[in-house]
Amino acid sequence: MSATTTNTVTVSAPDVLQITRIENAPFGARITLPAYAQDPADLNEGDFQRLYKAVHEYLVVVLPDLAELKPSSQYQLTKRFDPTCEGAYGHSKEFRHEKSVLRRDGHSTPAQPQVQILGQGRHDGHAGVRDLLLRHPTHMSFHHDPLSDDDMANGYTRFYRWHIDSALYGLAPPVVTTLLGIDCPVDKSQKIRYEDTGEEITTAKATTAFASGAIAFENLSDSDKEFALNTTVVYAPHPYIFISPAKATSDGLTMVSEGKELALDELPEWEQSKVKRLPLVWTNPVTGKHHMQAHGCCIWKLETPNGTLELEDARNTIHRLMRPNISPDRIYCHDWNQGDLVIFFNRGVWHSVTGQFEEGGHRLMHQCNIASGVDPVCQK
């Protein structure tokens, strides 16, 4: 152990990276950096391999006290998880398209454009951006039937959109996402009610919720496992633009089918070769476990052993398979502290924003994910 001394306290730091499982959670771990690496981008190869393995095994890991982490370090750390990636932001330039449902969800840092600034409120001058106004995404603008004003006044909120970080068109899904909490004030808790069961959970305001694709697969029936292992998810061309006129289900798992999606000839120019066809089950390269991984809001079709399911049937099927795995006992909700750096295995979990802020509320975060050079695979 190495020690650093302050005026009154001596704090010991480990010589190697330490991993501690998060208690009372179905998955997740906390990481203590070694004394030599106060910046995680400086980890030696041995300690980085410990971190790499931990991310794949625990799926979500938390590194505390990193509020001053530079965007360049966050980018270098994120990129290190995938030697095949070339450095492009995982959502590509379509993230900013005027019709995309993602268009208002962040702002690129000028010096490191793969790192996005997320949050709520005005942050003038942050990362060299003048007059930066951020909007925390909420279910009110995305769900078909949002909560009433009375419900929200009584502290209720929802899962906004369960998803995997990915463009889902042209680019391969990122291996990991890193999410840094720079300024995360928590002045109250919020409640999420499961409208189909009546269950409720209480979380800190604007927690980030995670569901494990491995737990989701493990809990399938034998027949559903066979189905999932032999099914391909086809995503719509420019999926975030395709769904822009539609609205989501109240649990944020998929979209309500009303025929409101844009017609294919109303989309920006697209190529058949860039349409993403990904297995419903992705195999974890470290653990060998199967993870059921789908972005339920962006699916277009399911190619199954018994034929192709078109949009509405595909959505209904994905919802049936995914819904049990956002139940209270199967998810991890990360309640943010200033300086938390969360690294999650984007090919092994789904996640969702929650919560809403009052007028004048503020939060500041940095997010980074990088498109991979190869698509995930299912090794049967």
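Residues are numbered from 1 along each chain as its sequence is written. Because the model is predicted, local features need pLDDT of at least 70 and side-chain atom pairs count only at pLDDT 80 or more, while totals for chains, interfaces and linings use all residues, and side-chain values use heavy atoms, with hydrogens and water left out.

An open sheet of 3 strands runs in the order 20-13-22 with antiparallel pairing, where strands are DSSP runs of E with at least two residues and helices are runs of H or I with at least four, numbered from the N terminus, and two strands pair if DSSP finds at least two bridges between them. Its edge strands, each pairing on one side only, are strand 20 (331-334) and strand 22 (349-353). Strand 13 (residues 208-212) pairs with strand 20 in the antiparallel sense over 4 bridges, and F210 has Y332 in strand 20 as its bridge partner.

Helix 7 (residues 311-322) has 12 residues. Its buried residues (under 20% relative accessible area, with a 1.4 Å probe and protein chains only) are L311, A314, R315, T317, I318, L321 and M322. Seen down the axis of helix 7, these fall within an arc of 165 degrees, taken from the directions from the axis to the C-beta atoms, so they line one face of the helix. They pack against several elements, including helix 5 (222-229) and strand 22, where contact means heavy atoms within 4.5 Å.

T203 lies in strand 12 (residues 200-204) and counts as buried at 7% relative accessibility. Leaving out residues up to four places away in sequence, T203 touches S189, Q190, C333 and D335.

Notes. The expected span of a helix is 1.5 Å times one less than its number of residues. Buried means under 20% relative accessible area, exposed over 50%, partly exposed in between (1.4 Å probe, protein chains only).
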